[in-house]
Amino acid sequence: MWAALLLSAEIPSPCTGTGPHTLNRGVNLSALCGVRHKEQASSAATKRAERGDLICRLLQEMVDGLSPSGDDALMLLGDDISPIKHLHLVSGSGNRDEDDATLHVICDKVLADAGCALVVSDYSPLEKNAPRPSIRLAITSGHTQEQLEACAAAIGKAAALVFNAVGQ
């Protein structure tokens, strides 16, 4: 079967505009569907990029407003265009379990107060050079600006409460 396909010099009918996928005037429906799909994909990619830029700006503003000294704060990491962002502790305790627990408390407070589900990145304890603990955020094109603003505000509020409780 493959040999026949590989050796065939015939152009498939959807490419020539002469098959069952064409209209009366020789317009190729497959090509039209492909163009429409490409436009929709481009629109979705643009929307994701806009959401990525928005959440990056909102989270950076929230991080900057947490602590003027920067000692008890979060640091935002992730490419501007990436829908995945990570919030790390600026100065952790040096103990991975304690840092994980601090981030889990922030996530729990955000879930309880604002209904935003956040996760702490989980790595194998056997991994020798595991990345630092972080809150992992995944943004989709389905998130509205209001949802992103509410989530960033809730993270800031929860982090401020946790850092103030730890500092006392």
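This is a predicted model: local features need pLDDT of at least 70, side-chain atom pairs count only at pLDDT 80 or more; totals for chains, interfaces and linings use all residues.
Me: What secondary structure does the protein chain have, and in which pattern?
Reply: There are five helices and four strands. Along the sequence they follow α-α-α-β-β-α-β-β-α.

Me: How do you know which strands are the edges of the sheet?
Reply: The sheet is open, with its four strands in the order β1-β2-β4-β3 and antiparallel pairing. β1 (74–77) and β3 (119–120) each pair on one side only, and these are the edge strands.

Me: Why are β1 and β2 called paired?
Reply: Pairing needs at least two bridges. β1 and β2 have four, in the antiparallel sense, so they pair. Leu 74 has Leu 89 of β2 as its bridge partner. Met 75 has His 88.

Me: Why is β2 described as largely enclosed?
Reply: Five of its six residues are buried, so the rest of the structure largely encloses β2.

Me: Which face of β1 is covered, and which is uncovered?
Reply: Leu 74 and Leu 76 make up the covered face of β1. Met 75 and Leu 77 lie on the uncovered one.

Me: Why is Ser 134 called buried?
Reply: Buried means under 20% relative accessible area. Ser 134 is at 0%, so it counts as buried. Its place is in strand β4.

Me: What makes the link between Ser 134 and His 86 a polar contact?
Reply: The limit for such an atom pair is 3.5 Å. The side chains of Ser 134 and His 86 make their polar contact at 2.8 Å. Leaving out residues up to four places away in sequence, Ser 134 also touches others, including Leu 103, Val 119 and Val 120.

Me: Why is Asp 53 called partly exposed?
Reply: Exposed needs over 50%, and buried needs under 20%. Asp 53 has 42% relative accessibility, so it counts as partly exposed. Asp 53 is found in helix α3 (residues 29–66). Asp 53 and Ser 82 are 29 residues apart in sequence, yet 8.7 Å apart in space, C-alpha to C-alpha.

Me: How do you know that the span of α4 is close to the expected one?
Reply: Helix α4 (residues 96–114) has 19 residues. At 1.5 Å a residue, the expected span is 27 Å. From first C-alpha to last, α4 reaches 27 Å.

Me: Which residues of α4 are buried, and why are they placed on the same side?
Reply: Asp 99, Asp 100, Thr 102, Leu 103, Ile 106, Cys 107 and Val 110 are buried. They cover an arc of only 160° around the axis, so they lie on the same side of α4. The face turned away from that buried side carries the exposed residues Asp 97, Asp 108 and Ala 112.

Me: What is found at the start of α4 and just after it?
Reply: At the start, a side-chain oxygen of Asn 95 reaches to within 2.9 Å of the backbone nitrogen of Asp 97. Just after α4, Gly 115 takes a positive phi of about 75°.

Me: How many of the contacts join residues at least 24 apart, and what share of the chain is buried?
Reply: Among contacts between residues at least 6 apart in sequence, 56% join residues at least 24 apart. Buried residues make up 29% of the 168 residues in the protein chain.

Definitions and conventions:
Residues are numbered from 1 along each chain as its sequence is written. Side-chain values use heavy atoms; hydrogens and water are left out. Helices (H or I, at least four residues) and strands (E, at least two) are DSSP runs, numbered from the N terminus. The expected span of a helix is 1.5 Å times one less than its number of residues. Buried means under 20% relative accessible area, exposed over 50%, partly exposed in between (1.4 Å probe, protein chains only). The arc is that of the directions from the helix axis to the C-beta atoms. A polar contact is a pair of N or O atoms within 3.5 Å; within protein, one must be able to donate a hydrogen and the other to accept it, and residues adjacent in sequence count only if both atoms are side-chain atoms. Contact means heavy atoms within 4.5 Å.
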